[in-house]
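Here is a friendly note to read with the structure open beside you.

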Amino acid sequence: MLERLNEAMDHIERRLADRIEVAELARIALTSEYHLRRMFSALAGMPLSEYIRRRRLTVAGAEVLAGERTLLDVAVRYGYASGEAFARAFRAVHGIGPGEARRTGAALRSQPRMSFRLVVEGTSSMRYRIVEKETFCVVGRKARVPLVHEGMNPAIAAFVRSIDKETVERIKRLSDQEPEGIVQVSDDLAESRAEGTELDYYHGVVSSAAVPEDMDALPVAAGAWAVFESSGAFPQALQYLWRDVFTEWFPSNPYRSRPGPEILRTRLTPDGAHAEAQLWIPVERTEV
């Protein structure tokens with residue numbers, strides 16, 4: 001599929017001075033116009049029409065600076081019905097009008113030519129299982145922290161360091177079911193999951209034991225959980241896993257997330273560079 005999409009990108013480059021039909025691009029990419037537009041936006045981060053416009057005005061900008069054609073000739077060559085329409089579009093992309101750019105030799109903005117390639121990041125495969133659990137509690141210590149998508153979360157790291165070893169050992173002894181041992185729990189996340197939005201973070205265990213008075217507790221309803229296993233560099237592999245679950249696994253499987261916390265069980269190597277992890281996400285089956 002990527003090979004055919006790159007052929008469509010080549011077609012755009014050959015036709016920048018002509019009319020470009022999305023139907024023809026879709027034919028080259030062996031897909032529908034709708035899917036091509038959606039796929040391109042997802043991969044490129046901008047609409048297909050915007051990319052074509054930026055590429056046209058990038059190439060047109062070079063001709064404006066070269067001075068070999070009149071500005072009206074350049075405008076018509078790249079599909080603009082008038083010099084005024086060309087000037088407006090040119091200014092929107094380059095921040096300066098074509099006449100002024102030619103007179104002053106101004107620096108212009110360039111939209112690089114796009115091509116697509118497969119880049120494999122994080123884990124080499126996604127292993128999962130579905131587990132039914134009765135009601136339980138997450139028991140431990142809680143903090144309100146900002147969401148960080150990449151790299152170490154300083155607020156979480158500082159919070160974990162603030163918990164003394166004796167308290168950590170007391171928390172560990174309360175673990176009496178899967179996932180076993182200390183877990184990192186995220187709850188009450190913003191729907192947008194935007195960087196910097198806040199969430200409740202628990203450093204604790206999954207337990208059915210009585211909750212000590214000096215501990216925080218999060219009651220969790222019975223239900224199904226999708227359990228994902230991963231290994232790799234810490235913390236990148238864990239963040240890739242979270243990303244892949246929501247962008248790849250859910251769209252490909254007959255499940256959706258349901259209200260509840262997200263539970264991460266991590267075991268680090270002595271040097272802290274590598275992690276073995278389990279990610280528990282509350283799910284429910286969708287109608288097929």
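1. Start with R170 and D214, whose side chains form a salt bridge with the closest N and O atoms 3.0 Å apart. Bear in mind that this is a predicted model. The pair links distant parts of the chain: R170 sits in helix α9, while D214 lies in the loop between β4 (198–207) and β5 (216–220), 44 residues apart.

2. R170 has a relative accessible area of 26%, and D214 has 39%, so both count as partly exposed.

3. Next, look at E178 and R129, which meet in a salt bridge of 2.5 Å, N to O. This pair also joins distant parts of the chain: E178 is in the loop between α9 (165–173) and β3 (183–187), and R129 is in strand β1 (residues 127–133), 49 residues apart. E178 is partly exposed at 33% relative accessibility, and R129 is partly exposed at 28%.

4. Now try R19 and E21, whose side chains meet in a salt bridge of 2.7 Å, N to O. R19 counts as exposed because its relative accessible area is 62%, over the 50% cut-off. E21, at 39%, is partly exposed.

Notes: Residues numbered from 1 in each chain as written. Predicted model: local features only at pLDDT ≥ 70, side-chain atom pairs only at ≥ 80, totals over all residues. Heavy atoms only, no water. Salt bridge = Lys/Arg side-chain N within 4 Å of Asp/Glu carboxyl O. Buried < 20%, exposed > 50% of the residue type's maximum accessible area, 1.4 Å probe, protein only. Helix = DSSP H or I, 4+ residues; strand = E, 2+ residues; numbered from the N terminus.
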